[in-house]
Amino acid sequence: MSYTFGGFKRDDGTAGTRNYVGIVSSVICSSAVVREISEKVNGTIPIVHANGCAQLGDDFKLTRNMLVGMSTSPNVHSALLVGLGCETNQVGGLLRRIPKVKPVEGIGIQQLAGGTNTIEKGVSIAEKWTEEADKQARTKLPMSQLTVGILNVDMDEEAFVKAGSAVSEVVDKLVENDAKVIFGLSKTLEPAGDELSKRIIDPTDKENLSESSKELKRYHWEDPSKNMRSDEFSAEETKLAALESKITGTHPINSIIDYGEFPEDSGLYMTKVSSNVVESLSKMASNGCNIVLIVSNRGVLTGSIALPCMTLAPENNESLFDELIDYSIEGNDGSDESEKIIQEMLEISSGKQSQLEKLELGDFSIPHLGTTY
Amino acid sequence: MDEQFNALMLDEKDNVAVVLQTLRAGDLLSIQDEVKKVEVIKSIPYGHKAALSPIPKDHRIYKYGECMGIATQDIEEGDHVHESNVRGLTEEDKSYQEEGINIENI
Amino acid sequence: MKTFKGYRRANGSIGVRNHVVVINTAGEVAGLTKKLAGQVPGVIPIVHQAGQFQYAEDKKQTIQTLAGTAGHPNVSAALFLGMGSEDISEEIAANLKENGCHVYSIIFGGNKSISACLEEGEIWLKDALERSKQQEMEEANVTELKIGLECGGSDAWSGITANPSIGSFSDSIVFDGGTSILAETTEAVGAEHILANRAVNLEVKNRFLEIVKRFEQRAKAAGEDIKAANPSPGNKTGGLTTLEEKSLGCIKKGGNSTLMEVVDYAHSPTEKGFVFMDTPGYDVESVTGLVAGGAQIILFSTGKGSPTGSPIAPVIKIGTNPKLYKNMPEHIDVNAGKIIDQSYSFKQIGEEIYSKVLQVADGEITASEKYNNQEFSIWRLAETQ
């Protein structure tokens, strides 16, 4: 059978599961203005964060790349960048890097002589764009138009046993139907790195992942070059990682993608994620995902500002976060379950609100790679 | 304010003043509470510094009442004080400067 | 004797505002924190992504900052929202409670549902708001004020007009027995000897030199040579000749008073007078640290026009040039540009700043408060685990 969903076609060939006008702040200093514009215009999302100035090197590039990725997201119909003017992360630099496939404009508080003018100008641009976005109808699209993020949060052995085969089948079906799947590569998955690396196509990523499975590496912040601590993985960690790696399905993994990087072809990818759920979901949003499946024993208390996040949890756990769970996995018949999960995912992709969306729990954050100055 | 001044001295110990508007050679520096008017001998852009008195080579430049650099050549009164005739302090300059200062209230 | 009217807290401190805040201690709960604040008008949300999965040094800094913010004299009551069994909020709340602060913590993932937690939070916050309204103001002396000194969006005039005026104010309030806290260690690199020589004793002097050195090394490890990069070509065009001169333009916000103490990020000074806090040059993170260290009011000089504020402390913006004041009056509280076009002296502007500080302490709203500029960001030292 062929899987379809109703989405918003974009000029670059991608498709949105949502049709937001993104109001993107280049630096924390313009976040209040961004929030105000967003509050005044329905259909917009405020993409605010704590970064954008006094950053150096890779830490700065990460901020820039994530914001370029967010503005390029298929769920973003158009992007209005709002800056201050004197920040490191210049709006001009962002504009140069965002592909010109959708309406994108930049404004700045200093250039417009104050917040009031900036809000006024921002509201008028956002109103024009939301009007256009409202006119755009969902069209029937193949599942290959989906880029699905998969994030594991707080799963234990029992939970993996119960949910593993269903999720694994979902991943395989997505890949077989030419969708893109981006699997969150967390620290907990590292002990299984050697096994996983056998499926990785990119030679550098293959080597790095294999290397990561040898020991637990922790960097000390004062001087990373000298204070690296290495520990053996515990038997428990290794066992959990093996279970977690099973839910990545059976197909080859193309590569490990970076902040703001979009996968080029269909198939399976990985992206490194931290234990911070907001940062991880934000990274996936900047990787071009248009929906995320959160696989969690408890349900998580936050979604992404730009993506619907569908929560899958093993049934009959003792979680008190029932309100957050979109689908409970019974864990008996893998194939039947995966089919139901995919149908629910397609419905959410077509506009049905996920539990996290109903609770209006969407957030965004940019991680730091180092200190600020 | 009764009189318009075109330069600012940040501390009474200073031998330079910051000009508040771009001055051309021949213009007179006027500073609040200073009777003496210094004639500017080179064009000085606003925000830059003018010498209030002759500063011999190797002598200190004072702004904010602190040493902000050393003259690398003789600087004439009214001259533009900038990179061409001033350098920053070396570690040696700093330690020399420190010796002269008493740590009080120990 | 200069006085103001403020809110006396149980621990003896005095606030110039009477805020009720809700703060998350786990990144995952930031969304719920904003949601809960939205349900109780008048409550200020303070959100961030720190608290969990951080290296020890960062975790310590996070706890220090959150405790300093919740226990701040400008805060009447604070509710923490946390998550999970290892959450830090209960520990912070317990310590603050011992100090007489009105705080409470709710942990998601315990034995209550999400809606039950939100309802509990709503009830607590509504009650806290009611109680805050009953608090009466009392007269206090400026000796009880701690004023944080900051600059952001600087221009060629910052070091000539606004910063020396702030310095003049700083010397006055220190003379009157109050406290001013200079910050931004970045700006001291290369000219540390100047402030070090104003230290009250050798211990303070060495402590200051130590934090500057640490900062410089941390920057070097990340590939930035602060000494080599300053003054920047733009600074030179603006008239700055040497690193010492650039640094002086910034550190002169601290006037000429004796340096009494050096404190770590977000730590409260124990001495009165002129104090230095170790913070980054990133203005929002620096202000967050100054406020967490107990500064009730922040003076913030800006040349290009920065609207940022703080969730709990009034930030007074000092504009450095007449053009800025003409173009962006909505973001400027004191126009130090009058030094350029109206022949004011920086001593006169310093006096104007002092009057403004007292008015703001008495309740006058600043530009950043008017426009809800409540930026908050904790100085992060390393990446998330």
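This note goes through a predicted model of chains A, B and C point by point.

1. Basis. Residues are numbered from 1 along each chain as its sequence is written, and chains are lettered from A and ligands numbered from 1 in the order in which they are written. In this predicted model, local features need pLDDT of at least 70 and side-chain atom pairs count only at pLDDT 80 or more, while totals for chains, interfaces and linings use all residues.

2. Confidence. The predictor gives the complex an ipTM of 0.94 and a pTM of 0.94. On pLDDT (the predictor's confidence in each residue, from 0 to 100), chain C has a mean of 94, with 99% of its residues at 70 or more. For chain B the mean is 87, and 86% of its residues reach 70 or more. Over residues 99-106 of chain B pLDDT stays under 50, and the model has ten contacts beyond four places in sequence for that stretch. Where pLDDT is low, the predicted coordinates should not be read in detail.

3. Arrangement of chains. Two residues are taken to be in contact if their C-beta atoms, placed from the backbone, lie within 7 Å. Two pairs of chains are in contact, and chains A and C share the most contacts. No contact joins chain A and chain B; their closest C-alpha atoms lie 19 Å apart.

4. Chains A and C. Here 46 residues of chain A are in contact with 54 residues of chain C. On the chain A side, α1, α4, α9 (277-286) and β18 (362-363) each supply at least two residues; helices (H or I, at least four residues) and strands (E, at least two) are DSSP runs, numbered from the N terminus. α9(A) gives the most to this side, with three residues. By class, the side has 22 nonpolar, 17 polar and seven charged residues, where Ala, Val, Leu, Ile, Met, Phe, Trp, Tyr, Cys and Pro count as nonpolar, Asp, Glu, Lys and Arg as charged, and the others, Gly among them, as polar.

5. Chains C and B. This interface puts 29 residues of chain C in contact with 30 residues of chain B. α6 (192-196), α7 (202-221), α10 (243-251) and α13 (338-341) of chain C each supply at least two residues of the chain C side. α10(C) gives the most, with four residues. The chain C side divides into 13 nonpolar, eleven polar and five charged residues.

6. Ala222(C). This residue sits in the loop between α7 and α8 (226-229) of chain C. Ala222(C) counts as partly exposed because it has 17 C-beta neighbours inside 10 Å; the cut-offs are 20 or more other C-beta atoms within 10 Å for buried, 12 or fewer for exposed, and partly exposed in between, with C-beta atoms placed from the backbone. Leaving aside neighbours within four places in sequence, Ala222(C) is in contact with Leu56(A), Gly57(A) and Gly370(A). Its C-alpha atom is separated by 11 Å from that of Ala382(C), 160 residues apart along the chain.

7. Chain B. The chain has one helix and nine strands, in the sequence pattern β-β-β-β-β-β-β-β-β-α. Of its 106 residues, 42% count as buried. Among contacts in chain B between residues at least 6 apart in sequence, 45% join residues at least 24 apart.
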